[in-house]
Amino acid sequence: MMSTLDATRAELALVVLYLNKAEARDKICRAIQYGSKFLSDGQPGTAQNVDKSTSLARKVFRLFKFVNDLHGLISPVPQGTPLPLVLLGKSKNALLSTFLFLDQIVWLGRTGIYKNKERAELIGRISLFCWMGSSICTTLVELGELGRLSASMKKLEKRFKDSDKYKNEEYRAKLQKSNERTLALVKAGMDIVVAVGLLQLAPKKVTPRVTGAFGFVSSLISCYQLLPSPPKSKTP
């Protein structure tokens, strides 16, 4: 009985730890926002109201968040990273930081603090283009890093037989990293579609429902990525 209670307490502690993250709460709200967009399909009603109100609420979570990517922009990169990947990574940081900074002005416009609505709308579009650019950079970075991982894994495979390569700790670590980057690549690709939908660059193909569907799945991936790492099993 006590062991079951302890296990439940430990699981609840992980949930609390997860929900204490501002980023996790933001991504849960994002899933609600895009799920509502999918249901409303751009038509007035309760779902569209939820979409708009959740979108505004999320902007509070992102206040001063641009500092994170500004820090990433000036941080050193791992040794051996090819120059094109370094430049793409720094471009991603710069574009994402710009998006998050401009998004604060959009929030000020939506709340009525910033009175120039036309300029706020223009800034909103510029910020979305920055976000789309950062997603494109992320896609290219992940493709490049997956290529590098694949090459290093093939070198390891030559050293080990097919039967025992999964027993090698280095190989397993690279395989896990490859899976993580593949998921990040899928998410970045979906975010590009979401940005195209929000900017209405292809309104006939990327409808509000398509935007909502891609945004919802992308949000679920983000929620999964933020899950705490499972405790490592102790070897006897």
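**Close-up views of a helical chain**

Leucine 19 is found in helix α1. The model shown in these views is predicted.

**View 1. Leu19 and the nonpolar surface patch.** Leu19 belongs to a nonpolar patch on the surface, together with Val15, Ile28 and Ile32. The accessible area of Val15, Leu19, Ile28 and Ile32 together is about 290 Å². Two helices contribute to the patch: α1, covering residues 2-19, and α2, covering residues 22-40, each supply at least two of its residues.

**View 2. Packing of helices α6 and α7.** Helix α6 runs over residues 117-159 and helix α7 over residues 169-199. The two pack at an angle of about 155°, and their axes lie 8 Å apart. Angles over 145 degrees count as roughly antiparallel, so α6 is roughly antiparallel to α7. The crossing of α6 and α7 is left-handed.

**View 3. Residue classes in the contact of α6 with α7.** Sorted by class, this contact has 21 nonpolar residues, nine charged residues and seven polar residues.

**View 4. The protein chain as context for the close-ups.** The secondary structure of the protein chain comes to eight helices, with zero strands. Along the sequence the pattern reads α-α-α-α-α-α-α-α. The C-alpha trace of the chain spans about 65 × 55 × 35 Å along its principal axes. Among the helices are α1 and α2, which supply residues of the nonpolar patch, and the packed pair α6 and α7.

Notes: Residues numbered from 1 in each chain as written. Predicted model: local features only at pLDDT ≥ 70, side-chain atom pairs only at ≥ 80, totals over all residues. Heavy atoms only, no water. Axes fitted to C-alpha atoms, helices over the stretch in contact; angles between N-to-C directions. Helix = DSSP H or I, 4+ residues; strand = E, 2+ residues; numbered from the N terminus. Parallel < 35°, antiparallel > 145°, perpendicular 65-115°, else oblique. Left-handed = near helix turned anticlockwise from the far one by under 90°. Nonpolar A, V, L, I, M, F, W, Y, C, P; charged D, E, K, R; others polar. Patch = residues over 30% accessible without salt bridge, like charges linked within 9 Å, V, L, I, M, F, W, Y side chains within 5 Å. Areas by Shrake-Rupley, 256 points an atom, 1.4 Å probe, with all protein chains shown as cover. Salt bridge = Lys/Arg side-chain N within 4 Å of Asp/Glu carboxyl O.
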